[in-house]
Amino acid sequence: ETVDETQDLTDGFSLVIDAMKLNGIDTIYGVPGIPITDLGRLAQAAGIRVLSFRHEQNAGYAAAIAGFLTKKPGVCLTVSAPGFLNGLTALAHATTNCFPMILVSGSSEREIVDLQQGDYEEMDQLAIAKPLCKAAYRVLHAQDIGIGLARAIRAAVSGRPGGVYLDLPAKLFAQVINADVGAKSLVKVVDAAPAQFPGPAAVKRALDVLKAAKRPLIILGKGAAYAQADDAIKALVEKSGVPFLPMSMAKGLLSDMHPQCAGAARSTVLKDSDVVMLIGARLNWLLSHGKGRTWGDAPKKFIHVDIEPREMDSNVEIAAPVVGDIGSCVEALLDGMGGSWPKAPADWTGTVTAKRDENIAKMAPRFMNNKSPMDYHGALGALRTIIKERPDTILVNEGANTLDLARGAIDMYKPRKRLDVGTWGVMGVGMGSAIAAAVETGHPVLAVEGDSAFGFCGMEIETICRYKLPVCVVVFNNDGIYRGDGVNTGGGSDPATTAFVKGARYDKMAEAFGGVGVNATTPDDLRRAVNEALDSGKPTLINAVIDPAAGAESGRIGNLNPQSKLRKK
Ligand SMILES: Cc1ncc(Cn2c(C)c(CCOP(=O)(O)OP(=O)(O)O)sc2=O)c(N)n1
Ligand SMILES: Nc1ncnc2c1ncn2[C@@H]1O[C@H](COP(=O)(O)OP(=O)(O)O)[C@@H](O)[C@H]1O
Ligand SMILES: [Mg+2]
């Protein structure tokens with residue numbers, strides 16, 4: 001395009017910002033630096049909220065969770081090479097968890113990279129990103145920025161949501177074109193995530209299988225939470241009368257207190273059910289691949305509702321695949337059920353409810369203990385009460401024991417209020433998730449972190465203080481990974497490989513940045529400090545002292561760890 005200098009002009013910086021605003025992208029999570037420092041400044045000046053983090057991985061986790069919460073792609077902006085690489089973990093995490101996110105990274109000049117002539121932060125970022133995300137695009141000309149961003153948005157949210165990489169070489173930003181040419185080049189994406197309806201035959205087949213069930217179960221996954229088809233899902237569960245099992249980030253879709261919730265009877269319903277309807281949940285390692293002891297010997301029939309056709313038969317035969325977006329699929333199932341539908345057999349629902357109530361009663365006393373130093377259940381007893389009293393609070397959770405025990409201990413009452421490590425079990429998602437949850441929803445956030453998990457992202461406490469976000473972080477400090485009483489069997493002076501400084505005071509970190517720091521040694525201390533934080537909305541970091549001997553190696557998944565057979569007893 002020749003540029004007519006007598007006319008209004010625009011440039012790459014402005015076109016990126018205009019394309020984002022045109023498509024409703026109002027927030028960017030990132031870390032400034034060459035070549036995108038000015039892009040961040042100009043975006044902020046143009047009214048986009050630009051949040052600067054201390055490490056790109058946390059900005060990426062924030063963008064991923066923003067995508068999960070809003071169904072619009074969360075945007076993470078990084079510098080080239082090292083910044084891009086730091087963002088990649090989050091991009092791969094978003095893709096694995098089906099969260100829509102766009103990693104936008106500045107990059108080096110193609111001519112120099114492709115001749116490997118040693119550019120500043122030289123790296124072929126597009127090639128490196130491709131295997132780790134849903135789609136990856138690079139834009140070389142200013143007039144292609146509009147279509148480039150449009151493609152990235154559609155790729156992120158359509159079909160199975162996921163991570164997308166958008167590569168913007170440094171030279172692109174200062175390119176100048178005529179403003180009218182620029183304006184015409186922008187694309188406002190129409191219907192980015194089109195409804196995808198299931199075939200009538202698939203719906204009928206699924207309902208026939210469900211109707212014939214003697215011991216049916218519905219499993220709700222984070223895809224069902226993401227779909228924001230809350231009323232339809234509730235209607236399906238209640239019309240069918242089938243017990244439901246929420247996966248971690250689907251908790252609260254229907255309250256954990258709902259009479260059909262089988263969360264506390266998980267082992268029973270997985271083992272004894274004869275028909276299982278999966279809604280936005282994969283039969284991956286979290287559900288033992290649909291095979292083995294967990295699922296008992298009785299033959300099972302699976303109904304699988306998912307937008308990704310290739311997910312069907314991924315692990316076990318699917319008797320009734322229902323492929324489409326969850327909202328459309330659940331509406332179609334409800335229509336197919338017509339006016340009246342036989343409730344799930346009473347002997348089955350009775351068995352499930354009895355088992356659930358028995359397990360809840362067994363656990364109850366453990367949450368009442370007032371031990372000091374606290375054990376997990378004593379500390380969680382304080383927190384579960386607070387979430388029950390404050391159901392709008394968003395709960396962020398990571399760790400091993402801190403994650404596994406909190407998942408079952410803290411009931412959730414509303415959809416998309418529990419944000420945790422997701423499918424990979426990656427440590428370090430906590431602070432980014434907490435920041436995005438506060439920014440995107442305005443609700444107060446309670447982040448319950450193992451001390452090791454917190455260590456991966458703890459520097460973002462400064463970010464939380466800087467933006468004055470209503471985030472209360474509770475570090476379950478058991479002096480280590482899994483436990484704090486490990487021993488260096490080599491007899492040297494080094495501590496055990498899983499140990500941390502004994503009696504560390506994480507709360508003092510908050511004071512460094514003007515936040516509130518509290519050291520809590522009893523459940524009452526913890527309850528008081530969290531309530532004060534949630535009432536004040538002030539950034540707060542609570543060091544909850546947990547008994548170093550209270551945890552189990554790798555929480556609930558120790559069986560995944562290979563053990564040496566030759567190890568001396
Ligand atoms: C990025 C990363 N590194 C390491 C791990 C391995 N890992 C690690 C390091 C965990 C931390 C557990 O310690 P914690 O202090 O966070 O929790 P508890 O001590 O309460 O169990 S849980 C876990 O799977 C991981 N999942 N992700
Ligand atoms: N809008 C949607 N409609 C249908 N399926 C969806 C939608 N969004 C995500 N999914 C699907 O939801 C599933 C989420 O599964 P998973 O991450 O394993 O959940 P969980 O770990 O909670 O069981 C993925 O297979 C994904 O394709
Ligand atoms: Mg720990």
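Is N478 buried or exposed? N478 counts as buried, at 2% relative accessibility; buried means under 20% relative accessible area, exposed over 50% and partly exposed in between, with a 1.4 Å probe and protein chains only.

1. Basis. This is a predicted model, in which local features need pLDDT of at least 70 and side-chain atom pairs count only at pLDDT 80 or more, while totals for chains, interfaces and linings use all residues. Residues are numbered from 1 along each chain as its sequence is written, chains are lettered from A and ligands numbered from 1 in the order in which they are written, and side-chain values use heavy atoms, with hydrogens and water left out.

2. D451 lies in helix α19 (residues 451-455) and N478 in the loop between β17 (471-477) and α21 (507-512), 27 residues apart. Helices (H or I, at least four residues) and strands (E, at least two) are DSSP runs, numbered from the N terminus. D451 is also buried, with a relative accessible area of 3%.

3. Ligand 1. The shell holds 16 residues, the closest being Y376, N401, T402, G425 and D451; a residue is near if one of its heavy atoms lies within 4 Å. Helix α19 gives the largest share of the shell, 3 residues. A backbone N or O atom of G425 lies 2.9 Å from a nitrogen atom of ligand 1, and a polar backbone atom of M427 is 3.2 Å from a nitrogen atom of the ligand. Of the 600 Å² of accessible area that ligand 1 has on its own, the protein covers 77% (Shrake-Rupley method, 1.4 Å probe).

4. Cores. The largest nonpolar core has 137 residues, of which Y29 and I233 touch the most other members. Such a core is a set of buried Ala, Val, Leu, Ile, Met, Phe, Trp, Tyr and Cys residues joined through side-chain atoms within 4.5 Å. A second, separate core of 30 residues includes F367, M374, L380 and V530.

5. N178. This residue is in strand β8 (residues 176-178) and is buried, at 7% relative accessible area. Among the residues that N178 touches are T2, V3 and D4, not counting residues up to four places away in sequence; contact means heavy atoms within 4.5 Å.

Methods
Polar contact = N/O pair within 3.5 Å; in protein donor to acceptor, adjacent residues only side chain to side chain.
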